Amino acid sequence: MEKCAVECAKKLGGVTVVVKGEHDIITNGETVVYCSEQGGLKRCGGQGDVTSGAIATFLGWSVCYRQNRWRHENEISQEEIPILAAYAGCLVTRRASHLAYNEHGFSTQTSEILKHLNNARSFLAKY
(Lines give C-alpha, C1' and ligand atoms only; values in the text may rest on other atoms or scores of the structure.)
Protein backbone atom coordinates (compact mmCIF):
# COMPACT_ATOMS: atom_id res chain seq x y z
CA MET A 1 0.00 0.00 0.00
CA GLU A 2 2.89 2.37 0.76
CA LYS A 3 4.24 2.04 -2.76
CA CYS A 4 0.84 2.91 -4.25
CA ALA A 5 0.51 5.94 -1.96
CA VAL A 6 3.98 7.19 -2.89
CA GLU A 7 3.31 6.77 -6.61
CA CYS A 8 -0.06 8.52 -6.31
CA ALA A 9 1.48 11.49 -4.47
CA LYS A 10 4.25 11.76 -7.08
CA LYS A 11 1.85 11.60 -10.02
CA LEU A 12 -0.27 14.32 -8.42
CA GLY A 13 2.75 16.60 -8.19
CA GLY A 14 3.86 15.99 -4.62
CA VAL A 15 0.56 16.53 -2.82
CA THR A 16 0.18 14.89 0.58
CA VAL A 17 -1.78 11.65 0.45
CA VAL A 18 -3.31 9.85 3.44
CA VAL A 19 -4.18 6.17 3.21
CA LYS A 20 -6.24 5.04 6.19
CA GLY A 21 -5.87 1.55 7.49
CA GLU A 22 -4.45 -0.46 10.35
CA HIS A 23 -1.63 2.08 10.24
CA ASP A 24 -2.33 5.32 8.39
CA ILE A 25 0.21 6.05 5.66
CA ILE A 26 1.00 9.70 4.99
CA THR A 27 3.24 10.67 2.10
CA ASN A 28 4.06 13.47 -0.32
CA GLY A 29 5.92 11.10 -2.62
CA GLU A 30 9.26 11.77 -0.92
CA THR A 31 8.59 11.48 2.81
CA VAL A 32 6.54 8.63 4.27
CA VAL A 33 5.14 8.78 7.81
CA TYR A 34 3.00 6.21 9.61
CA CYS A 35 0.42 6.93 12.27
CA SER A 36 0.12 3.82 14.40
CA GLU A 37 -1.76 5.29 17.36
CA GLN A 38 -4.33 2.79 18.58
CA GLY A 39 -7.82 3.75 17.54
CA GLY A 40 -11.11 2.28 18.58
CA LEU A 41 -11.74 -1.35 17.68
CA LYS A 42 -14.74 -0.37 15.58
CA ARG A 43 -14.63 1.74 12.45
CA CYS A 44 -17.80 3.71 11.83
CA GLY A 45 -19.22 5.71 8.97
CA GLY A 46 -18.06 9.30 9.05
CA GLN A 47 -14.72 8.62 10.67
CA GLY A 48 -12.92 9.58 7.47
CA ASP A 49 -14.84 12.85 7.47
CA VAL A 50 -13.61 13.51 11.01
CA THR A 51 -10.04 12.80 9.89
CA SER A 52 -10.38 15.13 6.89
CA GLY A 53 -11.81 17.88 9.07
CA ALA A 54 -9.04 17.49 11.63
CA ILE A 55 -6.38 17.67 8.91
CA ALA A 56 -8.03 20.78 7.44
CA THR A 57 -8.08 22.37 10.90
CA PHE A 58 -4.37 21.74 11.41
CA LEU A 59 -3.66 23.11 7.94
CA GLY A 60 -5.66 26.22 8.81
CA TRP A 61 -3.71 26.65 12.03
CA SER A 62 -0.52 26.33 10.00
CA VAL A 63 -1.48 29.47 8.09
CA CYS A 64 -1.68 31.32 11.41
CA TYR A 65 1.65 29.78 12.40
CA ARG A 66 3.32 30.92 9.17
CA GLN A 67 1.86 34.45 9.67
CA ASN A 68 3.34 34.56 13.19
CA ARG A 69 -0.05 35.14 14.81
CA TRP A 70 1.31 33.59 17.99
CA ARG A 71 4.80 33.28 19.39
CA HIS A 72 6.74 30.13 18.69
CA GLU A 73 10.37 29.18 19.00
CA ASN A 74 10.75 26.40 16.49
CA GLU A 75 10.59 27.03 12.80
CA ILE A 76 8.72 24.50 10.70
CA SER A 77 9.33 24.70 6.98
CA GLN A 78 6.44 25.22 4.59
CA GLU A 79 7.21 21.83 3.02
CA GLU A 80 6.83 19.99 6.35
CA ILE A 81 3.45 21.47 7.25
CA PRO A 82 1.13 19.26 5.14
CA ILE A 83 2.77 16.06 6.42
CA LEU A 84 2.61 17.29 10.02
CA ALA A 85 -1.01 18.44 9.65
CA ALA A 86 -2.01 15.08 8.17
CA TYR A 87 -0.19 13.19 10.92
CA ALA A 88 -1.79 15.34 13.64
CA GLY A 89 -5.24 14.88 12.08
CA CYS A 90 -4.83 11.11 11.92
CA LEU A 91 -3.44 10.95 15.44
CA VAL A 92 -6.23 13.05 16.96
CA THR A 93 -8.94 11.07 15.18
CA ARG A 94 -7.44 7.74 16.23
CA ARG A 95 -7.11 8.90 19.83
CA ALA A 96 -10.68 10.25 19.91
CA SER A 97 -11.91 6.99 18.40
CA HIS A 98 -10.07 5.04 21.09
CA LEU A 99 -11.57 7.18 23.87
CA ALA A 100 -15.07 6.83 22.40
CA TYR A 101 -14.67 3.09 22.02
CA ASN A 102 -13.61 2.78 25.67
CA GLU A 103 -16.94 4.37 26.63
CA HIS A 104 -19.33 2.89 24.06
CA GLY A 105 -17.71 -0.31 22.78
CA PHE A 106 -19.04 -1.65 19.53
CA SER A 107 -21.97 0.78 19.58
CA THR A 108 -19.54 3.70 19.01
CA GLN A 109 -20.78 6.18 16.44
CA THR A 110 -19.09 9.19 14.89
CA SER A 111 -20.96 11.55 17.21
CA GLU A 112 -19.17 9.97 20.20
CA ILE A 113 -15.82 10.37 18.45
CA LEU A 114 -16.54 14.07 17.89
CA LYS A 115 -17.17 14.53 21.62
CA HIS A 116 -13.63 13.34 22.36
CA LEU A 117 -11.74 15.46 19.82
CA ASN A 118 -10.71 18.15 22.30
CA ASN A 119 -9.32 15.62 24.79
CA ALA A 120 -7.57 13.86 21.93
CA ARG A 121 -6.10 17.15 20.71
CA SER A 122 -4.58 17.84 24.13
CA PHE A 123 -2.92 14.42 23.80
CA LEU A 124 -0.72 15.95 21.06
CA ALA A 125 1.35 17.75 23.70
CA LYS A 126 3.01 14.38 24.31
CA TYR A 127 4.47 14.54 20.79
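Residues are classed here as buried under 20% relative accessible area, exposed over 50% and partly exposed in between, with a 1.4 Å probe and protein chains only. The model is predicted, so local features need pLDDT of at least 70 and side-chain atom pairs count only at pLDDT 80 or more, while totals for chains, interfaces and linings use all residues. Numbering runs from 1 along each chain as its sequence is written, and side-chain values use heavy atoms, with hydrogens and water left out.

Helices (H or I, at least four residues) and strands (E, at least two) are DSSP runs numbered from the N terminus. UniProt, in an unreviewed entry, lists residues 1–124 as "domain: YjeF C-terminal"; its positions are given in the numbering used here, feature names are shortened, and annotations may be inferred rather than shown by experiment. Over residues 1–124 the chain is 53% helix and 9% strand, with the end C-alpha atoms 26 Å apart.

Helix H1 spans residues 2–11, and its buried residues are Ala-5, Val-6 and Ala-9. Seen down the axis of H1, these buried residues fall within an arc of 100°, so they line one face of the helix; the arc is that of the directions from the helix axis to the C-beta atoms. An α-helix has 3.6 residues a turn, so residues three or four places apart point the same way. The buried residues of H1 pack against strands E1 (17–19), E2 (24–27) and E3 (32–35), where contact means heavy atoms within 4.5 Å. Lys-3, Cys-4 and Lys-11 are exposed on the face of H1 turned away from the buried side. Just after H1, Gly-13 has a positive phi of about 90°.

His-98 lies in helix H3 and is buried, at a relative accessible area of 16%. Leaving aside residues up to four places away in sequence, His-98 touches Gln-38, Gly-39 and Gly-40.

A cavity is a set of points, on a 1 Å grid over the protein atoms alone, where a 1.4 Å probe fits but cannot get out; lining residues have an atom within 4 Å of a point. Grid points are joined across faces, edges and corners, and a volume is the space filled by probe spheres set on the points. The search of the whole structure finds one cavity of 30 Å³ or more, and the largest cavity has a volume of about 50 Å³. Its lining consists of Lys-20, Asp-24, Arg-43, Gln-47, Thr-51, Cys-90, Thr-93 and Arg-94. Helices H2 (47–66) and H3 (81–104) are the elements that give two or more residues to this lining, and H3 supplies the largest share, three residues. By class, the lining has one nonpolar, three polar and four charged residues; Ala, Val, Leu, Ile, Met, Phe, Trp, Tyr, Cys and Pro count as nonpolar, Asp, Glu, Lys and Arg as charged, and the others, Gly among them, as polar.

Methods. 1 Å grid on protein atoms, 1.4 Å probe; cavity = no way out; pocket = protein on both sides within 12 Å on 5 of 7 lines; lining within 4 Å.
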